[in-house]
Amino acid sequence: MNPTIGILGGGQLARMMALAGYPLGFKFVFFDPSANACAGQVGRLITADYDNELALEEFCQQVDLVTLDFENVPVATVRQIAKKKPVFPSAEVLAIAQDRLLEKQFCHSIAVPTADFEPINGLSELKFAARKYDFSAILKTRRMGYDGKGQYLIRSEQDINQIPADVFDNDLILEKLVPFEREVSVIVVRTQSGDIKTWPLCENKHKDGILTTTMVPAKPHDLDEKAFEYAVKMAESLQYVGVMVVEFFQTTDRVLVNEFAPRVHNSGHWTIEGAHTSQFENHLRAGLDLPLGDTGMNGMAAMLNWIGAFPEKLHHLTDVGLYWHIYGKQARPGRKIGHATLTAADPQQLHDKILQLVNRLGVQL
Ligand code: AMP
């Protein structure tokens with residue numbers, strides 16, 4: 001069996017999926033509006049807009065099944081492709097994941113808790129809802145937001161007055177700020193036949209809304225089982241196929257869903273070297289309904305993102321347990337251009353290795 005897998009979106013996630021799939025004999029074709037999409041360096045890239053019917057037709061003819069590396073691919077595109085080739089995850093799942101309001105309503109429909117929220121239409125609704133949340137809230141666009149984009153922290157009436165007027169042209173949602181102790185994510189994979197597996201719990205740190213580090217396994221906490229229970233419940237309720245990642249806020253007594261990604265995820269990059277089977281490989285296996293690989297790990301792992309620039313000094317490459325990834329993207333402020341994964345036998349060793357690495361590289365985390 002040598003299927004050709006089509007991937008909508010040709011960024012680093014598509015690239016890492018292909019690099020995981022080549023050893024199994026899979027082939028790949030990427031579809032992306034940008035001719036510079038970095039997956040194009042490792043496979044055939046069709047460059048066209050997502051509504052280009054001719055290009056989509058050509059794409060469909062070349063592939064056996066389709067997945068995506070970007071959750072904001074238009075649902076209409078996915079529906080059109082699904083008439084010709086199987087797509088995972090489905091257009092229905094995508095429609096929910098693309099809209100923060102639908103996502104939260106879905107969670108509530110299956111008794112999975114989230115932050116308190118209100119849909120917002122216009123300034124006066126925002127003022128009313130912000131008062132209700134004691135000016136401890138965050139305004140987000142319902143759609144097209146990621147890595148903290150389209151988000152406005154609201155701590156006072158003045159913060160509201162400073163929001164640009166055109167923000168209100170979007171559908172919006174106001175979320176109550178969650179006083180979380182930590183942010184964790186569960187990577188879950190489910191096959192066509194319904195087999196389900198999860199990787200050890202990931203603990204994530206963000207700066208300016210962008211993931212900077214992931215440590216795995218997260219320090220054990222009584223609430224961890226709840227996070228796994230909710231993630232599995234969500235995947236099963238959605239009849240999900242492939243990898244999905246659920247991000248949680250953990251407070252002293254609760255875990256609340258922040259959002260889910262209908263795709264492989266940055267907080268799962270450590271699985272390439274840190275787990276017996278990576279998120280990328282199991283995602284492909286799930287879509288092809290192959291048996292899933294083991295998701296366990298030996299020891300611990302940490303992932304450090306390179307955002308906007310690489311560290312200048314590169315003489316660390318001989319370190320044992322250090323794995324370096326460069327995505328082949330043009331460096332720009334706020335853009336993820338690579339990552340490093342560190343593996344170690346135990347938490348102390350991992351901690352020491354991270355300190356050593358950041359000192360030698362002269363980077364700040
Ligand atoms: P998001 O794009 O929704 O994942 O938000 C990016 C980051 O902003 C999150 O990882 C949190 O660190 C922070 N954040 C977002 N929503 C909330 C919230 N309701 N309460 C507290 N922090 C939040």
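Let's start at the beginning of a helix: Asp99 caps the N-terminal end of H5, with a side-chain oxygen 2.8 Å from the backbone nitrogen of Leu101. Such a polar contact is a pair of N or O atoms within 3.5 Å; within protein, one must be able to donate a hydrogen and the other to accept it, and residues adjacent in sequence count only if both atoms are side-chain atoms. Before going on, please note that this is a predicted model, in which local features need pLDDT of at least 70 and side-chain atom pairs count only at pLDDT 80 or more, while totals for chains, interfaces and linings use all residues. Residues are numbered from 1 along each chain as its sequence is written, and side-chain values use heavy atoms, with hydrogens and water left out.

Helix H5 covers residues 100–109, and its buried residues include Arg100, Leu101, Phe106 and Cys107. Here, buried means under 20% relative accessible area, exposed means over 50%, and partly exposed lies in between (1.4 Å probe, protein chains only). Helices (H or I, at least four residues) and strands (E, at least two) are DSSP runs, numbered from the N terminus. After H5 comes Ala111, whose phi is positive, near 60 degrees.

Next, look at the sheet. Its 4 strands are ordered S5-S8-S6-S7, forming an open sheet with antiparallel pairing. Strand S5 (117–120) and strand S7 (151–154) are the edge strands, each pairing on one side only. Two strands pair if DSSP finds at least two bridges between them. From one strand to the next, the twist averages 20 degrees. Strand S6 (residues 137–141) and strand S8 (residues 172–176) run antiparallel and are joined by 5 bridges; Lys140 has Ile173 in S8 as its bridge partner. Helix H6 (residues 123–132) lies across S5, S6, S7 and S8, at about 170 degrees to S5. For such angles, axes are lines fitted to C-alpha atoms, for helices over the stretch in contact, and angles run from 0 to 180 degrees between N-to-C directions.

Lys140 also leads us to the ligand. There, 16 residues surround the ligand, and Lys140, Gln151, Val178, Glu183 and Glu259 are the closest; a residue counts here if one of its heavy atoms lies within 4 Å. A polar side-chain atom of Lys140 is 2.7 Å from an oxygen atom of the ligand. From Val178, a backbone N or O atom lies 2.8 Å from a nitrogen atom of the ligand.

What about the cysteines? A disulfide is a pair of cysteine sulfur atoms within 2.5 Å, and by this rule the count comes to 0. Cys202 is in no disulfide, and the nearest cysteine sulfur, that of Cys107, is 18 Å away. Cys202 counts as buried because its relative accessibility is 0%, and Cys38 counts as buried because its value is 3%.

Finally, compare two more residues. Is His269 buried or exposed? His269 sits in the loop between strand S14 (255–261) and helix H9 (271–274), and it counts as buried because its relative accessibility is 1%. Leaving aside neighbours within four places in sequence, His269 is in contact (heavy atoms within 4.5 Å) with residues including Leu13, Met16, Tyr327 and His339. The side chains of His269 and Gln279 are joined by a polar contact of 3.5 Å. Glu225, in helix H8 (residues 224–237), is exposed because its relative accessible area is 56%.
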